[in-house]
Amino acid sequence: MRHIEPKDVEVREVFSYLLGGVVPRPIALVSTLSADGIKNLSPFSFFNAFGANPPMVAFAPSRRGRDGTNKDTYHNLIATKECVVQMVSYDMVEQVSLASTEYDVSIDEFTKSGLTPVASDIVKPPRVAESLFQMECKMQQMIELGNGPSSGNLAICEVVKFHIAEKICDGDRIDPQKIDLVARMGADFYCRASGEAVFEVEKPGLKIGVGYDQIPDVIKESKILSANNLGQLGGIETIPDDDEVEAFRAELCKSKIEPTEFDEYASKDDYKSMLAAALSENESMYEKIEQSVKVALAEKDLDFAWKALLIRTDNS
Ligand SMILES: Cc1cc2nc3c(=O)[nH]c(=O)nc-3n(C[C@H](O)[C@H](O)[C@H](O)COP(=O)(O)O)c2cc1C
């Protein structure tokens, strides 16, 4: 590990670690108006949402690294206290990057980026028509986090109106595949939050899992189960007892699956038949049980996974 105290290195280096390590960051495409009414559009990835009641977002139009001066967005927010924050989909990322150019305050950045302004309902800055998720905002607070180059200014804004494209909605949820957002990584890297990059991890909610510490060592030492698999196992509320495991084993042993059929069922991700085949085998039974458990966990069948693994510990 590198162990670094920020005071011992250059600001540029600290910045580079933050940009590369605190990722992926969502991108706020922020429209503001200058005191003279010139439209400004700039992306900010030091950004997130911080509560729903009232709905609050914050982003950081920081001081410039080269001379410590403040950016146009900062000045516009101080002058008008209004903005629109819009999310950035993959289809618009190059135009958004163009909007990050340091054009003079007198230049309309909608014109430069080619993105389309549409009137907002409550605030004066226009929205970006191409964005599928737009938030009209009133700034509540600007917190200055330092006064040297690259120090942050945190603009805390209340959302006063949402505009959400109907085509990305699934009830009151936003479909991640349809909104197809991009996020900022370090250097010139971005990532696209759709396709196989998107996966689900069930929330514990009110469920109190037994925890990692309750998993028997023989399971934790598995060469087949991953740390994520063990995390899933720790989420079970009650570990099946001996009677349940015995009933489960007896039921499986009724099926007439031969050990040689294991691979065929594995190719179909049929973890129940995989386990039945594994149980009728002597040589590499434990390994095969764990392989079937891995598939069961991918299918989120936690009950099956635990019962199968407890057959294993019974026998070990
Ligand atoms: C994807 C992306 C994210 C950015 N994030 C930030 C940020 O969080 N804070 C910041 O000060 N500048 C950020 N920048 C740079 C600003 O967008 C850039 O300095 C812009 O010219 C500021 O415009 P303004 O002077 O019109 O406000 C980012 C640029 C890009 C392309």
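Predicted model: local features only at pLDDT ≥ 70, side-chain atom pairs only at ≥ 80, totals over all residues.
Biologist: What makes a set of residues a nonpolar core, and which members of the largest one touch the most others?

Modeller: A nonpolar core joins buried Ala, Val, Leu, Ile, Met, Phe, Trp, Tyr and Cys residues through C-beta atoms within 7 Å. The largest such core has 32 residues, of which Ala28, Leu29, Phe59, Val85, Val88 and Cys137 touch the most other members. Among the elements that give it two or more residues are β2 (28-33), β3 (39-44), β6 (82-87) and β9 (133-144), where strands are DSSP runs of E of at least two residues and helices runs of H or I of at least four, numbered from the N terminus. The largest share, four residues, comes from β6. Apart from this core lies another, of 27 residues, including Ile215, Tyr271, Leu275 and Leu310.

Biologist: How do you know that Arg127 is buried, while Lys81 and Ser150 are called partly exposed?

Modeller: The count of other C-beta atoms within 10 Å decides: 20 or more is buried, 12 or fewer exposed, and anything in between partly exposed. Arg127 has 24 such neighbours and is therefore buried, whereas Lys81, with 17, counts as partly exposed, as does Ser150 with 16. Arg127 lies in strand β8 (residues 127-128), and, leaving aside neighbours within four places in sequence, Arg127 is in contact with Ser31, Val84, Gln86, Val118, Ser120, Gln134 and His163.

Biologist: Why is α10 called roughly antiparallel to α11?

Modeller: Helix α10 (residues 271-279) and helix α11 (residues 285-298) pack at an angle of about 170°, with their axes 9 Å apart. Angles under 35 degrees count as roughly parallel, over 145 as roughly antiparallel, 65 to 115 as roughly perpendicular and the rest as oblique, so this pair is roughly antiparallel. Among the residues that meet are Tyr271, Met274 and Leu275 in α10, with Met285, Ile289 and Val295 among those in α11. The contact divides into nine nonpolar, two polar and one charged residue, where Ala, Val, Leu, Ile, Met, Phe, Trp, Tyr, Cys and Pro count as nonpolar, Asp, Glu, Lys and Arg as charged, and the others, Gly among them, as polar.

Biologist: What makes a residue part of the shell around the ligand, and how many residues surround the ligand?

Modeller: A residue is near the molecule if its C-beta atom, placed from the backbone, lies within 6 Å of it. The shell has 17 residues, the closest being Ser42, Phe46, Lys71, Asp72 and Thr73, and β3 and α2 are the elements that give two or more residues to it. By class, the shell has six nonpolar, seven polar and four charged residues.

How values were computed. Residues numbered from 1 in each chain as written. Axes fitted to C-alpha atoms, helices over the stretch in contact; angles between N-to-C directions. Contact = placed C-beta atoms within 7 Å.
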